[in-house]
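Here's a quick briefing to read alongside the model. Have the structure open and follow along.

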Amino acid sequence: MKKCLINIFLISAIFISPSFAQTAKSRLYLLDNDEADKPAILTLYQTNDGFILCGTTKGLYRFDGFDFSQYPSQTKINAAVTAVFETKDNRTLIGFDNGNIAELKNNSIELLHFEEGFPKVAIKSITQDSSGIIWFGTAGEGIYFIRNNRLNNINQDDGLSDNYIYKILYSAQLGVVAASDRGINICSFKNGKKYISTYTSKNGLPDNIVRSIFFTNENKLWLGMQDAGIAPFKENISKNSGTPKWNYGQVNDLLVSSSKIYVATGDSALMVFNYYDNSTSAFNKAYSDHTISKINCLLKDREGIIWAAGDNQLLRTAKTGLDEVYKLTPQQAAQVHCLHYTNDSALWFNIPGGLTRLYKKNNEWESQEFKLPLFSNTTITALYESPGDNLWVGSLGKGITVFNHKTKTQERLNEPLLANNNTITITGDGDAIWISGLEGVVTAKPEGNKYLFTNLTDTAGIGNKYVYDILCGRQKRIWFATDGEGISMLENDKFYHLKNKPGYMGNVVYKIIEDNYGNIWYTTYNKGIIKYDGRSFTNFTTSQGLSSMQISGLLNAGNYIAVIHKNAIDIINPATGKISYIDKALMPLDINTDLNACTNDKGDNIYFVSGNSIYSYTVNATTVQQPTVTIDRVELFLQNIETTSGHKFSYHQNNLNFFFTGIYYAEPEKIQYQYKLDSYDKEWVNTKDHVKNFPNLPPGDYTFRVRVSLNKNFSNASETSFSFVIEKPFWNQTWFFITAALILGALLYLFIKQREKHITNLNTLKNEKVQSQLETLRNQVNPHFLFNSLNTLVSEIETNPDIAVMYVEKIADFYRSIIQHRDKDLISLQDELSVLNDYSFLQEKRFASGLEIKVDIEPEVIASSYIPPLVLQMLVENAIKHNIISKEIPLCIDIKNVADDCIAVRNNINKKMQPERRSGLGLQNIQKRYALLHVKKVSIENDDKFFTVKIPLIKK
Amino acid sequence: MFNLIQRMRVRVLLLFILIAAASAFKNQPSQLYQITSGKISFKSDAPLEVIKASSTELMGLLDIGKKNFSLKIDVHSFQGFNSPLQKEHFNENYMESDKYPYASFNGKIIEDVDLSADGNYDLRTKGTLTIHNVPQERIIKTAVTVKQKVIIIHSNFTVLLSDHNIPIPTVVNQKLANEIKVEVNATFEPR
């Protein structure tokens, strides 16, 4: 939004009215831009988030208490904004003088679309009825309303009295009311039918041209007319109900607030009239304000401030709630010591030598003076009315007189402690009167025509003779504010001293009151205000928001508590502890600080003396409106983003700016902010800035919260928030972790499975080895071998006993070798050859020349090589087993090293006709054992002539 | 007949417009125009089927002095459906053309214009649109071209079937849109 140059003028003006003077400070804001042709404000509207929107000849502006900023438009709309309205579902609609209708979306103006097209004349006013139908009043085409997103029209053909509509408003009682060039039209749309009833001069309307209308809080309709001034609307309205001799010109706008009617007139700028519910036609002019000569529109904001606008000027006028009750002479003003509001709605105060009674007649204050001759030479210090219109008047040095203004009687009390004494305060609870004097406290109970007095001067009771204030509280408790001994309380004739309670504060207490919740509040000499809830003490000082520590008065004001200072009045909400202020900018306060010089009525009003006047101030939800705060927009990397709370940002979208604005038009400069980014900031951070930047936020769930206050007390402050999520980068996301874990798990599983398989393999190989050893053994103890060997032996024993002995030795050697080597993984080639040698000897003896085993291995190879045990023996045995051995076809087995690390065992092939059973087992065993040793593979070559097995040698 | 019931989930529709009657103004004959050629077409753009039809039998009168007008059309005259069966459903099930043979739009021009002068105008008309014997007040935007006493109008608008008590059986709601787009073109000449 484009910021405009702002000029602020403070204008002090004194307005004299027939009855009383009103001193008010208004403030003028200029909507200025660089162009020669300044925007003129045509309409004012306050949205729910608190901003005042100004529809101007140059577009829509927002006013935040300091600046005007213009709303940008999606499409160029070259037209003045003539109407602004916010619907129940928080859509802000904008009507233009060319008939266009737009909506405010994301701080920018977007044209709506209707199949029917826009009206061709200005949209003067927009409203919404209880069924949600939105109504538009146009300057020449009657009334339009939206139903099912379709524009429908009501004009003179339907019975409307005139097609030129100035203003359209809805009230639950009357319906949609349109002010036109020919009277008032009340319209509704039900069950597809239009209903219109009209009120024109024929029905008694004083003027047919009704330019403005206004509904009061009580749903009373007021009319502002072309020539006949203003009038309340009645169905049986009469011709003479207008304002007689109205000479202020046409009424452009009007509004009614509490007891005043504000009228934007054609000739006399802003006219303010006193408003009495019962009055019929005459309006009593209160004052006028000519700051802006031609006022187009008025607005009462939620703080109760009345705004007026015309040309490029926006005027903040008096805040409602503060009214001047009575003008005092400076001499009177200096001598007022006590104000007292009585049950008959009269306000009493002292004047030299007497009393003045103010009372309301025709809603205006009238005064009555009473002389009190007894007090002509002294000062009246305290007032209290007991039942029966008996006014107890306390003085300095002259005791107390009971005065009855109806019976005109004056009775001086003769009680010794009171006579010729000083009175500090008087109060009562219906049946007993409590009087505090310099000598102690006295109670007076009426008995017949007399009073029964009791003195409470014993310091052991109250604790101190000097009592500033007495409170007759609930549950028949009497509270005493003492000078030095804190608060004493009397219940069932027994005294209690709050001083003895833990946490008690304040020895010198000036005022005590009890709020609607039963809490006791008291002011102290230097400890500010303390709230006592029956258990604990809560202190309110300047750091909680009090205007100052010098407090002269403490009053109940409706649901609130008013704190009177010399130059300020603070309003405490006892439910929340929030403190708000009377708008000092509108009236400089110079308050009479006498302890008794302020009072309150049974309603919302407090009364006090400031300067030379007595004022009343109405304390209600409007006047204690606290500031509110809105998050205007959010920027991502300095770019405006269209987003609402709950947005998700990706991990790199982490530089965010939050723009927020607090709204408190009475004193915008008092606004203070605190912000906190939940799950980032630990504590609330104070700021006066309107923007907060968070660069480089880590991923997480955040809520940006901002709250606003008029002082350092942020408890129960108005707060707004924007929640958002910055997502983790994908490699930090849960789904990524899960996937990664799954993949890792799968890999690990595969690895373990692989390893298990490997181990199983090894075990299998080990088994194979054992198997092969068994096999070898089994082969070697093969009965055939033994049988053959023994047969050979038998023949040798007979023919050649020496050889036989040797043969037996060889058998023994052979078996010993087997037993010796079978468990080993490797043996030296030497050992293996020696086993083979034994075996060959045995077999050669058996087969004689049919078997020839040749071993031809180089000695250095023999010396350096190792081999799994019995491999060569097994191969030889295999050859013998599978081949026919005879003299004709001898079996030749060649064993030689073909390389440094390889022995070839080769035999010629002469296969037996019937193959041996279990054939191939021996070879397989050898192969598996080599696999187990992880050395080179055993290779087997088998051609038609030779069977060759190449055995790798293992070098150590 | 059986086949017909089976294909009951069918098609459609609509409507429109016309005529009039303004014989009361014969004393100002130059002010009164009547349609010499007119065409009205509609389109239902449902997710599963597009239905279109049109009629050239648009009748109408326009009083450029009083700025009121009346248009009328015989619902039976719509042609160009996807199938004869569709047309039958249009007339029998939806428009009930035998009971309510005409659709009409009677009303006034909202804007204050002089249609006797040549020019192009964007106007809005406000009147009562009666379809299926259900009147609805409508504002309808119309582009108007006046050239040498010939007035040509062109208008697009939509009609909600629900506005005119034309029920859409749930079995065909994917084939029949509730919102029907209507286009009107007509040429008026002095009577």
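What percentage of the 956 residues of chain A count as buried? The figure is 40%, where buried takes 20 or more other C-beta atoms within 10 Å of a residue's own, exposed takes 12 or fewer, partly exposed is in between, and C-beta atoms are placed from the backbone. Keep in mind that this is a predicted model, in which local features need pLDDT of at least 70, side-chain atom pairs count only at pLDDT 80 or more, and totals for chains, interfaces and linings use all residues. Residues are numbered from 1 along each chain as its sequence is written, while chains are lettered from A and ligands numbered from 1 in the order in which they are written.

**Chain A overall**
- Chain A has eight helices and 74 strands; these are DSSP runs numbered from the N terminus, with helices being H or I of at least four residues and strands E of at least two.
- Take the contacts in chain A between residues at least 6 apart in sequence: 52% of them join residues at least 24 apart. A contact here is two C-beta atoms, placed from the backbone, within 7 Å.

**Nonpolar cores**
- The largest nonpolar core has 204 residues, and A:Cys54, A:Ile143, A:Leu254, A:Trp307 and A:Ala562 have the most contacts inside it. Such a core is a set of buried Ala, Val, Leu, Ile, Met, Phe, Trp, Tyr and Cys residues joined through C-beta atoms within 7 Å.
- At least three of its residues come from each of domain 1 (2-321) and domain 2 (628-732) of chain A, with bounds taken from an automatic or database domain assignment.
- Leaving aside residues up to four places away in sequence, A:Ile143 touches A:Trp135, A:Phe136, A:Gly137, A:Ile154, A:Leu160, A:Ile165, A:Ile168, A:Ala178 and A:Cys187.
- Apart from that core lies another one, of 42 residues, including B:Tyr33, B:Phe69, B:Ile151 and B:Ile153.

**Helix α2 of chain B**
- In α2 (residues 84-94) of chain B, the buried residues are B:Gln86, B:His89, B:Phe90 and B:Tyr94.
- Looking down the axis of α2(B), those buried residues fall within an arc of 105°, so they line one face of the helix; the arc is that of the directions from the helix axis to the C-beta atoms.
- B:Pro84 and B:Glu92 are exposed, on the face of α2(B) turned away from its buried side.
- The cover over the buried residues of α2(B) includes β2 (50-55) of chain B.

**Where the chains meet**
- Ten residues of chain B are in contact with nine residues of chain A.
- On the chain B side, β7(B) gives the largest share, three residues.
- That side has three nonpolar, one polar and six charged residues. Nonpolar means Ala, Val, Leu, Ile, Met, Phe, Trp, Tyr, Cys and Pro, charged means Asp, Glu, Lys and Arg, and the others, Gly among them, count as polar.

- Strands β49 (residues 529-532) and β50 (residues 537-540) of chain A run antiparallel and are joined by four bridges; pairing takes at least two DSSP bridges.
- A:Ile530 stands opposite A:Asn539 in β50(A).
- Four residues sit between the strands of this hairpin, where A:Gly534 takes a positive phi near 100°.
- A:Asn219, in the loop between β20 (210-215) and β21 (221-225) of chain A, has a positive phi of about 65° although it is not a glycine. A:Asn219 counts as exposed because it has 10 C-beta neighbours inside 10 Å.
- B:His132, in the loop between β6 (119-131) and β7 (134-147) of chain B, has a positive phi near 60°. B:His132 counts as buried because it has 22 C-beta neighbours inside 10 Å.
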